[in-house]
There are 2 protein chains.
Amino acid sequence: MNSEIKQQTVLLPHEEQSKRIDCIRSLMSKQNISAILICDKANIYYLTGRVFTGYIYIPLTGIPIYFVRRPVELEGDGTIYIHKPELIPNSLDGKYPESIGLEFDTLCYSQAQRLMSIFGADVKYINASSVMRTARSIKTDYELELIKLSGVKQTNVYAHIPRLYKNGMTDLELQVEIERCSRLEGCLGQFRISGDSMELFMGNVLTGENADTPCPYDFAMGGGGLDPSIPVGADETIIANGQSVMVDVNGNYTGYMTDMTRSYYLGNLNDEAIRAHQCSIDICRALESLGKPGTEAKFLYEEAERIVRQHNLEKYFMGHRQHASFIGHGVGIEINELPVIAPRSRDILQCGNVLALEPKFVIPKVGAVGIENTYVVTEQGLKCLTNAPEQLISLI
Amino acid sequence: MNSEIKQQTVLLPHEEQSKRIDCIRSLMSKQNISAILICDKANIYYLTGRVFTGYIYIPLTGIPIYFVRRPVELEGDGTIYIHKPELIPNSLDGKYPESIGLEFDTLCYSQAQRLMSIFGADVKYINASSVMRTARSIKTDYELELIKLSGVKQTNVYAHIPRLYKNGMTDLELQVEIERCSRLEGCLGQFRISGDSMELFMGNVLTGENADTPCPYDFAMGGGGLDPSIPVGADETIIANGQSVMVDVNGNYTGYMTDMTRSYYLGNLNDEAIRAHQCSIDICRALESLGKPGTEAKFLYEEAERIVRQHNLEKYFMGHRQHASFIGHGVGIEINELPVIAPRSRDILQCGNVLALEPKFVIPKVGAVGIENTYVVTEQGLKCLTNAPEQLISLI
């Protein structure tokens, strides 16, 4: 090991990290959690600005301890190398907390059991997943800058899409060119999803009837995919006259992502598709002014449904053969953060929430239409971070 | 819902599915598991040939039951739609098993607790992760055909790599062209990883000093990556004279993947790099004849180390600033299956195991060299499924 090339364990500015930890501690207090032990990669990134394999121990008071397994060569206050979690108590000076928060919604059962056996049965174990999800749902200015930058880059990529289309292309061929363009713009490719409800590569390009194929995942739109092993997205349909092409591809350029969808078409779309697309834009406009701190997330959903009913488009809303149960979701380090914009959501919008709204429609024999934008919640309503043109765009 | 468009829940031929279930049941018997309840996507794909969100219940005798939440429109023997797991017992005719196997190594703690509370405290719960991992480690002929096809397609893509390189390219630019070429060849992009020890987009292209950057994940090689949020792989280093370029990209073309690495270079490599690359090939040749049913996985590791010591290359083997602790791993639906070729592995090779061997080296100031192949274990030794030329290949 070469000391000259050592790197700091914490890459965040001290003040920024303190802000995040203060927020977490305030939530820990409310749940009577004396200390949390974090090992989820997304949460480690949130707490340090980098990813390592190991654990972060945060007591209600005192300094955080970083128990690192990999990579080698990290250093900084509270950094301790361990090769197994059983070594964690050695560094706690015999002071066991009364209760420990663990990430029970992401930690596998075996690993959770192992961690609990280390501290023993006298300690109370509490699910800390909601503490972390809640803290992360309110973005700091530092985080917002990273999200905005992703929005700018993703918007740059979408501007190229019409010229990436070549006559006779399949949905997949167009997607591959968009993927390449995104990567050259700096897209990290990989994006994080919490839990196991979704699997997806880079994004979704849907055209024609494939948009109506039900998919097993918790996405707004489905598609059959290329193979039953990953049944979502493009299925090598040739993009044809009279059909729409919905593009919803990866906006992760900074570790914090934006989520944006735009709809394209070839030839002439039928009136119903054009009407539904405009309805999606109308819904976004309406919700943008309603989405203020204090607004119930489910109210946004209800408003969207009300507008859809006004236009008699219910049977196409959020799918046709299969319907998604939400119209929006928080976004940040992961694609499925809080708040959730769904009929039974108990989330209430707060300043600094970042959320994607995606009121979409599937029109049989035409394809999917509608838009998706990523917004930050401000006192003045939702401020859009994905500013590509919203109208239906002709591919030629 | 339209009955004309309903699809079968089980896409595997009946005989093929029976073979897999028989193997699982034989392993369940040994662990006194009366029934397993499966919800991991990789295992659902293994059991049905498709992915759905839900649960598969397999009793030691009797037919499997498919509890489906999404997608809509599946049908077939034993297919039951439920919107929550609490409805599972309704379909078991009051016959609770004595013990239930759950995937404790992948199921999150909250979800495991929820499932256990459904069946109650009278049932014994056993970790069934190893049953599934062991069953899946021995590939059927049907699975081998899918893996072979991935090997052929991945080999086709690697043949294009020298012509994808353009003067002055960065590692990332070359990687993006390889990604595009792979996708147009049919690569599904996404590949599955069990657990949370790895995150990676599409693959790894490493050149120069970046190959020596320690990474937090459990990969053979590291790299700093583009951003601390995903610290692995290419970091926009310009490919320079005298440096190697190691390409280890996604071989998932069929739901079953192959894993292959080849090394390229620009200008002249130093002797140490050339020697280390040849050593990697020599190790593969040696292990190919040793890797027969009954061979201990750790013996293969020890043999590799012995050859490395003969050539005085220990300090570069499997990394330089950071060393990986294995030289090979099983591959199939996921990239990290059994057997594990590592010093403390207790795995014993069996006919039908498919494994990747990747004895690699990092030469300071040059980059990574060596090869990786995917093999099937046969009575005659390891049979290679990734047949691209193995020598160092000049990019111009």
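**Strand E3 of chain A.** I looked up how enclosed strand E3 (residues 53-59) of chain A is in this predicted model. I found that 5 of its 7 residues are buried, so the strand is largely enclosed by the rest of the structure. For the cut-off, I note that a residue is buried if 20 or more other C-beta atoms lie within 10 Å of its own.

I then looked up the partners of E3(A). Strand E2 (residues 35-38) of chain A pairs with E3(A) in the antiparallel sense, and I recorded 4 bridges between them. In this pairing A:Ala35 stands opposite A:Pro59. Strand E4 (residues 65-70) of chain A also pairs with E3(A), again in the antiparallel sense, over 5 bridges. Here A:Gly54 stands opposite A:Val68. I noted that E3(A) and E4(A) form a hairpin, with 5 residues between the two strands. In the turn of this hairpin, A:Gly62 has a positive phi of about 100°. As a reminder to myself, side chains in a regular strand alternate between the two faces of the sheet.

**An open sheet in chain A.** I traced a sheet of 4 strands whose order is E9-E10-E13-E21 in chain A. The sheet is open and its pairing is mixed. Which strands stand at its edges? They are strand E9 (203-207) and strand E21 (393-394) of chain A; each has a single partner strand, so one side of each is left without a neighbour in the sheet. Further in my reading of this sheet, I checked strand E10 (residues 244-249) and strand E13 (residues 262-265) of chain A, which run antiparallel and are joined by 4 bridges. A:Ser244 has A:Tyr265 in E13(A) as its bridge partner.

**Chain A as a whole.** I counted 8 helices and 21 strands in chain A. Its C-alpha trace spans about 70 × 45 × 35 Å along the principal axes. I compared the radius of gyration of chain A, 23 Å, with the value near 21 Å that a compact globule of 396 residues would have, and the two agree. Buried residues make up 53% of the 396 residues. Of the contacts in chain A with a separation of 6 or more, 69% come from residues 24 or more positions apart.

**Helix H2 of chain B.** I turned to H2(B), which is mostly covered: 8 of its 8 residues are buried. The buried residues include B:Lys41, B:Asn43, B:Tyr45 and B:Tyr46. I listed what covers them and found, among others, helix H1 (14-30), strand E2 (35-38), strand E3 (53-59) and helix H4 (129-137) of chain B. Just after H2(B), I noted that B:Gly49 takes a positive phi of about 80°.

**The contact between the chains.** I recorded 49 residues from chain A and 49 residues from chain B in the contact. On the side of chain B that touches chain A, the elements giving two or more residues are helix H2 (41-48), helix H3 (109-119) and helix H6 (171-185) of chain B. H6(B) gives the most, with 5 residues. By class, I noted 25 nonpolar, 12 polar and 12 charged residues on this side of chain B.

**Relation of the copies.** I superposed chain B on chain A by a rotation of 180° with 0.0 Å of shift along its axis, at an RMSD of 0.0 Å. The two copies are thus related as by a two-fold rotation axis. Which surface does each copy use? I found that 100% of the interface residues of chain B are also interface residues in chain A, so the copies meet through the same surface.

Note on methods: Residues numbered from 1 in each chain as written. Chains lettered and ligands numbered in written order. Contact = placed C-beta atoms within 7 Å. Nonpolar A, V, L, I, M, F, W, Y, C, P; charged D, E, K, R; others polar. Buried ≥ 20, exposed ≤ 12 C-beta atoms within 10 Å, placed from the backbone. Least-squares fit on C-alpha atoms with pLDDT ≥ 70 in both. Rg over C-alpha atoms; globule rule 2.2 N^0.38 Å. Pairing = 2+ DSSP bridges.
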